[in-house]
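User: I would like to go through this model by question and answer. Please start with the term needed for the first point.

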Amino acid sequence: ARVAAEVGNAEPQSPLCTTLRSGSGGARVRTVEHLLSAMEALGVDNCRVEVSGGDEIPLLDGSAQEWVEAIRGAGLCAAEDIGGQKLEKLAPKIDEPVYLRKDDCFVAAFPSSQIHITYGIDFPKGLEQTMHPIVGASDWLSMVQYFPGC
């Protein structure tokens, strides 16, 4: 079965991980967030991932680092159609600010010639230890700059 990595396939109620599902009651794959983050950071916008032995992507070290190393080790190439013609990039271009908010969570995207990602997390006191013991700080903010082609 196939599950496309599209926003419309994300399960709305998937605690502590991102789950993608193909239609109602269809095939699903869980814990995709670190692999998808690694692919985004490396500019991958078109690939097929095969999962066997379950419905979960391995967490590895709990970050995207090992996925980045594995993808770099495998190498990247431009996607081609069946006739050998290079395919257009699938990544959307942001021409105007985009905002999404739900309860006390939000995400925003702004047009830029470079990709700048700023993210933060703020767990209520005590909750971070019940959710995941590795998350020790309740406030955390970082910025990543990605320059395509590097």
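Analyst: A residue counts as buried when its relative accessible area is under 20%, and as exposed when that area is over 50%. The model is a predicted one.

User: Is Thr19 buried or exposed?

Analyst: Thr19 sits in the segment before strand E1 (20–21). Its relative accessible area is 2%.

User: With which side chain does the side chain of Thr19 make a polar contact?

Analyst: Leaving aside neighbours within four places in sequence, Thr19 is in contact with several residues, including Asn9, Ser14 and Arg28. The polar contact between side chains has a distance of 2.6 Å, and the partner of Thr19 is Ser14.

User: Which helix gives the most residues to the lining of the second largest pocket?

Analyst: This pocket holds about 590 Å³ of space. The elements giving two or more residues to its lining are helix H1 (33–41) and helix H2 (65–74). The most, 4 residues, come from H2.

User: How many residues of that lining are nonpolar?

Analyst: The second largest pocket is lined by 26 residues, with Val44 and Cys47 among those nearest its centre. Of the lining residues, 3 are polar and 5 charged, and the nonpolar ones number 18.

User: How are the rings of Tyr99 and Phe110 arranged, stacked or edge-to-face?

Analyst: The structure holds 1 aromatic pair. The ring centres of Tyr99 and Phe110 are 5.7 Å apart, with the planes at 80 degrees. Planes over 60 degrees apart count as edge-to-face, so the pair is edge-to-face.

Note on methods:
Residues numbered from 1 in each chain as written. Predicted model: local features only at pLDDT ≥ 70, side-chain atom pairs only at ≥ 80, totals over all residues. Heavy atoms only, no water. Buried < 20%, exposed > 50% of the residue type's maximum accessible area, 1.4 Å probe, protein only. Polar contact = N/O pair within 3.5 Å; in protein donor to acceptor, adjacent residues only side chain to side chain. Contact = heavy atoms within 4.5 Å. 1 Å grid on protein atoms, 1.4 Å probe; cavity = no way out; pocket = protein on both sides within 12 Å on 5 of 7 lines; lining within 4 Å. Points joined across faces, edges and corners; volume = space filled by probe spheres on them. Nonpolar A, V, L, I, M, F, W, Y, C, P; charged D, E, K, R; others polar. Phe/Tyr/Trp six-rings, centres within 6.5 Å; stacked < 30°, edge-to-face > 60°.
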